[in-house]
2 protein chains.
Amino acid sequence: MYKERVRNAALWDRVSSAEDAAKLIKDGMTVGMSGFTRAGEAKAVPMALAERARTDPLKITLITGASLGNDLDKTLAEAHVLSRRMPFQVDPALRRAINNGEVMFVDQHLSETVELLRTRQIGPVDVAVIEAVAITEQGGIVPTTSVGNSASFAILAEKVIVEINLSQSDQLEGIHDIYIPSHRPMRTPIPVVTPESRVGLPFIPIDPDKIAAIVITEKLDSSSTVLPPDDETRGIAGHLCDFLQNEVKRGRLTNSLQPLQAGIGTIANAVMHGLLDTPFHNLKMYSEVLQDSTFDLFDAGKLDFASGSSITLSKEKYDDVFPRLSDYKSRLILRPQEVSNHPEVVRRLGIIGINTALEFDLYGNVNSTHVGGTHMMNGIGGSGDFARNGYMSIFVTKSTAKGGLVSSVVPMVSHVDHNEHDVDILVTECGLADLRGLAPRERAELVIAHCVHPTFRDQLRDYYQRALARGGHTPHVMEEAFAWHTRLAQTGSMLED
Amino acid sequence: MYKERVRNAALWDRVSSAEDAAKLIKDGMTVGMSGFTRAGEAKAVPMALAERARTDPLKITLITGASLGNDLDKTLAEAHVLSRRMPFQVDPALRRAINNGEVMFVDQHLSETVELLRTRQIGPVDVAVIEAVAITEQGGIVPTTSVGNSASFAILAEKVIVEINLSQSDQLEGIHDIYIPSHRPMRTPIPVVTPESRVGLPFIPIDPDKIAAIVITEKLDSSSTVLPPDDETRGIAGHLCDFLQNEVKRGRLTNSLQPLQAGIGTIANAVMHGLLDTPFHNLKMYSEVLQDSTFDLFDAGKLDFASGSSITLSKEKYDDVFPRLSDYKSRLILRPQEVSNHPEVVRRLGIIGINTALEFDLYGNVNSTHVGGTHMMNGIGGSGDFARNGYMSIFVTKSTAKGGLVSSVVPMVSHVDHNEHDVDILVTECGLADLRGLAPRERAELVIAHCVHPTFRDQLRDYYQRALARGGHTPHVMEEAFAWHTRLAQTGSMLED
């Protein structure tokens, strides 16, 4: 059956077992693997590599698009295969290895990894391992449910291993748009001018001689772990939709808004769900991962087009969407993450970016990554590509965590991923703060009035009043700036008394 | 004499005194004024406004390109004319008013202000006051030594006041390239593909009916306050030039490097001076402000072309350059700061950005703006436009300040303007840390080994070792993270004991 998928017959003799293919990967190598938000990762070769490491220890630098599914980061971390990992991950076992210093994790803006590789500031990539639906007659690689960094990995690597996944729908062919920016300093403009611009090829063009092995697989992508909306996430969505409707009333936006980006996860997905109950129409997405909400918005007739770098769905939504993927195909594009997140395109299209904060502070600085200021959660992902360069940058979070003992709104964030310059709108279930055009002292008043949970409001106001007495553009009581975090570490709660 | 400069005779009857022109500015208005890095600011009308405020108090929101010369920010702040100011300033009196909460200062990425105005997320601009060399036959405004945000102010404002400055060289006409990005979401690519791309008009095109008053002036721009290189800034330049030469040896760069951006000020200017003694050649700049070093590099035959948004020179250099400006004219472009700093162009050209830090930390986070975490110095300026989007982001600073009592390399920066994701190379006179592709723990080792002053090295290493014992991706002793800053506030020194 794979011969229908490997359409260049000269490549049939390169079909091999995952174990044999994995032997191309040697100790000390840098390996680029497909996979973005648990979609379209190479599945068999990394498993074979972890298996081999039990008896034949080896360490590699692993670069992907973003997070891997099928517990691959867990398996590789527990097999001690990873010496260095970039640019994103979401796995608890790998997270432990990162936080204890076993794995050197390089937390990067998702648009930037391949720029660094291309200019040899990192790398080079020795072997690329790419999941594909098919190999074309010319030897082009047709990715599956994600593009991520796969195209540049395959183009830059010395050797390429292709995993042909027979369980991935052949309807995916034609959905991808592979465009690689030209070399600098003579680069020409990226010709994407609307979310639906098709500017490249439907496959990754490489010299088929570089394809060193082809492995046939059948394992499905992991399902999304996104939770359904709850009262709080519905509250967040409600505040944001009200705000956007008010922007329309004020003549700043039309009912088609601007192209939308939403970060991965439960809250961003819930916010997108919230758009179902608004008067907005003819919406477009120019985002990274397309989640359940994208297809709900299509089905409701709200969304005209969605461009992303991957599709990651719940089991139910997958079973609903993939059998009729052809119905959606003319309204979907999957791009390299360098293009889905490219500063040039994000600024040109005027994206409204909606991303999740771990915590934010009085002045609108956002921590997306570090628990307690020190321990990595997942990584910054693409949020910085959108927050810095878009039309409007929105951060959402529930106002508390850990049963109300932890406030997500703090005097000073314990780690800064997005600073006040890049944060326009903050939303919790308590309310929304519109920080545009405001100075820090004005921002603080709005955050206290609208975003912090009532349990923590007096405590936050007290801090701010005492900070204000010391003066400054951005008032702080520096020796107390992290008192809430140290109290949490010592007592399990940020609450005073 | 002004009639040669105001070439549209229908406008001659609009010539008026600065006092009369200033009457167009009313209490509560938003005013956009020309001026960028003390170059090309409107001079007479703001002075008249400050004078009037003595007897007729008024408050305005003042938006400029960047900093103003001729003590205008001082005069306006002391006359209590400013209720809100954006996006940048450098004046001690205004700084005091910002830090005591009298003036609401909005510290913005310099490329973004006019995007916010254009989409009415801030503003609108009621009156624009623009210094010009001339008004063309069609009523186009020819700016002087800076473009800054002048073009969009004039296009967006209801009324425009033009200050024709007879002392500004008429040789400036033809040096400007006024290109305004089209409206989103239907924006087309900005056609700048090299520093020397000319893509717009040599004047600001507006309806001449909007020109409500023309004021004739003769006052010169203020001279640059940049100090000549000293041992420490020469040391910084030396480390950086060695590093860049090594990048050439490794085949990552050619001897023409990539287009260069250098922030305003003594250190960045000294670094550019350092290029005089290197084998680099056929260099190009794509920067904001063109300082003395730009013309020294031209004269030495090192620099082929320079694109910026302003020219700010010392008295000596001004007297040397301006009488023979025509010699340089074919190698210079002045652009709107939206274009000189545009993420699209910065990424496309692959800029090497060199900017100054107030302080940086173990992990490569940079504070560019806040003294002691609370008090505004100048503002982030354009550094974020370049650091986020360029080919390589370099930050420079002397390792100590205040006679050695303050370390510029600290456990945790007291304010974050540029985080680890945006900082590739750190340089002090002690040495250089190349942070590319490294995890935080690896970054810390390099910063301790190469950047911190020997006086503070043991103290910093001690902090890091104790942080490391607590684990985490980015180890910290959170309750001590600002201990150096609080010690400084209490004792006048960051040194222990």
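What follows is a short chat about a predicted model with chains A and B.

Colleague: What should I know about the model and its numbering before we start?
Modeller: It is a predicted model, in which local features need pLDDT of at least 70, side-chain atom pairs count only at pLDDT 80 or more, and totals for chains, interfaces and linings use all residues. Residues are numbered from 1 along each chain as its sequence is written, chains are lettered from A and ligands numbered from 1 in the order in which they are written, and side-chain values use heavy atoms, with hydrogens and water left out.

Colleague: Which rotation and shift superpose chain A on chain B?
Modeller: A rotation of 180° with 0.0 Å of shift along its axis does it, with an RMSD of 0.0 Å. That is the relation of a two-fold axis. In chain A, E344(A) has the C-alpha nearest the axis, 2.0 Å from it. The superposition is by least squares on the C-alpha atoms of residues with pLDDT of at least 70 in both copies.

Colleague: And through which surface do the copies meet?
Modeller: Through the same surface, because 100% of the interface residues of chain A are also interface residues in chain B.

Colleague: Switching to helix α8 of chain A. How many residues does it have?
Modeller: α8(A) has 19 residues, 231-249, and reaches 27 Å from its first C-alpha to its last, close to the 27 Å expected at 1.5 Å a residue. That expected span is 1.5 Å times one less than the number of residues. Helices (H or I, at least four residues) and strands (E, at least two) are DSSP runs, numbered from the N terminus.

Colleague: Which residues of α8(A) are buried?
Modeller: T233(A), I236(A), A237(A), L240(A), C241(A), F243(A), L244(A), E247(A) and V248(A). They cover an arc of only 160° around the axis, so they lie on the same side of α8(A); the arc is that of the directions from the helix axis to the C-beta atoms. Buried means under 20% relative accessible area, exposed over 50%, and partly exposed in between, with a 1.4 Å probe and protein chains only.

Colleague: What do those buried residues pack against?
Modeller: α9 (266-274), β15 (352-356), β20, β24 and β25 of chain A. The face turned away from the buried side carries the exposed residues D231(A), D242(A) and K249(A).

Colleague: What is found in the loop between β8 and α8 of chain A?
Modeller: P229(A) is found there, with β8 covering 211-217. At 28% relative accessibility, P229(A) counts as partly exposed. Not counting residues up to four places away in sequence, P229(A) touches R234(A), A270(A) and H273(A), where contact means heavy atoms within 4.5 Å.

Colleague: Now the strands. How many bridges join β20(A) to β24(A)?
Modeller: Three, and β20 (residues 392-396) runs parallel to β24(A). F395(A) stands opposite L426(A) in β24(A). Two strands pair if DSSP finds at least two bridges between them.

Colleague: Does β25(A) run parallel or antiparallel to β24(A)?
Modeller: Antiparallel, with four bridges between β24(A) and β25 (residues 431-434). The two form a hairpin with two residues between them, and T428(A) has G431(A) as its bridge partner in β25(A).

Colleague: Which way do the residues of β24(A) point?
Modeller: I425(A) and V427(A) point one way and L426(A) and T428(A) the other, and all are buried.

Colleague: Last one: what is the order of the open three-stranded sheet in chain B?
Modeller: β17-β16-β23, with mixed pairing. β17 (366-367) and β23 (409-410) are the edge strands, each pairing on one side only. β16 (residues 359-361) is joined to β23(B) by two bridges and runs parallel to it, with F360(B) opposite V409(B).
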